[in-house]
Amino acid sequence: MSHRFQDRGGATPKYVKMLKQDPCVFCGGIGGTIEHIVPRHSLPVVSVEAEGQSRDHWTNLAASCHGCNKRKGTKSLLVYMLKRNKHV
């Protein structure tokens, strides 16, 4: 498991392990991977002033299957969902 979830006030390894057992938030299939709701490149490494906005904060993580995680890539959640539903 990546150490990035242990640093900078991010989600605990226990939470990440539990989250990986949840179904994929996009398709409902078997999860297994962690998706950043807001892409990591869009957020600072750490934000003391707005703790809930750090890259690996638990509020920015969701379970995802490998396929959906790969398709979403670095798109924002809104852009991915619109494209997936063919509204863009």
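Buried means under 20% relative accessible area, exposed over 50%, and partly exposed in between (1.4 Å probe, protein chains only). By that scale, F26 and Y80 are both buried. They belong to one of two aromatic pairs found in a search of the whole structure.

This is a predicted model, where local features need pLDDT of at least 70, side-chain atom pairs count only at pLDDT 80 or more, and totals for chains, interfaces and linings use all residues. Residues are numbered from 1 along each chain as its sequence is written, and side-chain values use heavy atoms, with hydrogens and water left out.

**Confidence**
- The protein has an average pLDDT (the predictor's confidence in each residue, from 0 to 100) of 79.
- A score of at least 70 is reached by 73% of the residues.
- Among the elements (DSSP runs numbered from the N terminus: helices are H or I, at least four residues; strands are E, at least two), helix α2 (residues 66–72) has the highest mean pLDDT, 94.
- Helix α3 (residues 77–84) has the lowest, 87.

**Aromatic pairs**
- Rings of Phe, Tyr and Trp (its six-membered ring) pair if their centres lie within 6.5 Å; planes under 30 degrees apart count as stacked, over 60 as edge-to-face and the rest as tilted.
- Y15 and W58 pair edge-to-face, at 6.3 Å centre to centre with 75° between the planes.
- Y15 sits in helix α1 (residues 13–19) and W58 in the loop between β1 (33–36) and β2 (61–64), 43 residues apart.
- Y15 is partly exposed at 24% relative accessibility; W58 is partly exposed at 49%.
- F26 and Y80 have ring centres 5.0 Å apart and planes at 75°, so this pair is edge-to-face.
- F26 lies in the loop between α1 and β1 and Y80 in helix α3, so the pair ties together parts 54 residues apart in sequence.
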